[in-house]
Amino acid sequence: MIKLISFKNCPFVQRVMGSLIMKNIPFEIEYIELSNKPQWFLDIAPNGQVPVLITEDETVLFESDAIVEYLDDKYVPIEALTPEQKALDRAWSYQASKHYMPQCGTMGSKDKETFESRLTNLAKAFAKAENKLGESQFFKGDYISNVDIAWLPLLHRAFVIKQKSGVDMLEGFPKVQQWQAALMASGLPEKTVPQDFVTTFSNFYLANTYLADVMNGEDERCELSSCSAVSSACCQ
């Protein structure tokens, strides 16, 4: 059976899990702590990062883009696509995945000025999606495609942030908000993260950050010297 090695808060892993689930591919998953990577993981992961996927013939694959493409080549694709359509899907998927880390940095911001500056840059990605989206439920129609799966980590994390802190990272993008609502209603987000995801995610991004102060109703940021450092990285 395929084995996926993961970190509980990693958006890149969530994308791979989304592909596995939508294709109904059986797999097992093992979570590691990035702050204490086991030696066996370092021995097989060329870049020391998750996700890592071990195929049925024990080939070790790394880098989420490569893994998703492998799953499309190896198993029945979600939809039949021409080479041009496949290229467009990959391009729009890249527009999402290249913003996973910027979103992590935004959520981990220590003060309002930094948060707003980073969110302004992140919003450029949502603006592109807003201009592309039509009237359908999902990106390409009334079904979940590879593009939706790629954007899922961004939209899911924005949903949790809004639920917990009241801050809407998608404010001003009504079509993206509707898209987010459709993905959340599909039930896919919960299937692509561990059961305690909201807790681990909140402990990481809603503690000792600007968003934590918003959630707790505090007007001023604490001094950095009196706060525990929160990494802006999701997976490294």
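This short talk describes the sheet, a helix pair, the pockets and the cavity of one predicted model.

Good morning. Residues are numbered from 1 along each chain as its sequence is written. Because the model is predicted, local features need pLDDT of at least 70 and side-chain atom pairs count only at pLDDT 80 or more, while totals for chains, interfaces and linings use all residues; side-chain values use heavy atoms, without hydrogens and water.

I begin with the sheet. Helices (H or I, at least four residues) and strands (E, at least two) are DSSP runs, numbered from the N terminus. Strands of a sheet pair through backbone hydrogen bonds, either parallel or antiparallel. Two strands are said to pair if DSSP finds at least two bridges between them. Here, 4 strands make an open, mixed sheet in the order 2-1-3-4. At its edges stand strand 2 (27-31) and strand 4 (60-62), each pairing on one side only. Ignoring direction, neighbouring strands are turned by 20° against each other on average. For angles, axes are lines fitted to C-alpha atoms, for helices over the stretch in contact, and the values run from 0 to 180 degrees between N-to-C directions.

Strand 3 (residues 52-54) pairs with strand 4 in the antiparallel sense, over 3 bridges. In this part of the sheet, isoleucine 54 stands opposite valine 60 in strand 4.

Which helices accompany the sheet? Helix 3 packs on the sheet and touches strand 3 and strand 4, its direction making about 120° with that of strand 4. Helix 1 lies across strand 1 (2-6), strand 2 and strand 3, and runs at about 155° to strand 1. Contact here means heavy atoms within 4.5 Å.

I turn now to a helix pair. Two packed helices are described by the angle between their axes and the distance between the axes. The axes of helix 7 (residues 146-165) and helix 10 (residues 197-205) come within 11 Å and cross at roughly 75°. Helix 7 is therefore roughly perpendicular to helix 10, a term for angles of 65 to 115 degrees; under 35 counts as roughly parallel, over 145 as roughly antiparallel and the rest as oblique. From helix 7, His156, Arg157, Val160, Ile161 and Lys164 meet Phe197, Val198, Phe201 and Ser202 of helix 10. These contact residues divide into 5 nonpolar, 2 polar and 2 charged. In this scheme Ala, Val, Leu, Ile, Met, Phe, Trp, Tyr, Cys and Pro are nonpolar, Asp, Glu, Lys and Arg are charged, and the others, Gly among them, are polar.

Finally, the spaces. On a 1 Å grid over the protein atoms alone, a cavity is a set of points where a 1.4 Å probe fits but cannot get out, whereas a pocket is an open set with protein on both sides within 12 Å along at least five of seven lines; lining residues have an atom within 4 Å of a point. Grid points are joined across faces, edges and corners, and a volume is the space filled by probe spheres set on the points.

The largest pocket holds about 280 Å³ of space. Its lining has 16 residues, and Val68, Glu69, Asp72, Arg90 and Asn146 are the closest to its centre. Helix 4 supplies the largest share of this lining, 6 residues. By class, the lining has 5 nonpolar, 3 polar and 8 charged residues.

How many cavities of 30 Å³ or more does the search find? The whole structure gives 1. About 50 Å³ of space lies in this largest cavity. Helix 1 gives the most to its lining, with 3 residues.
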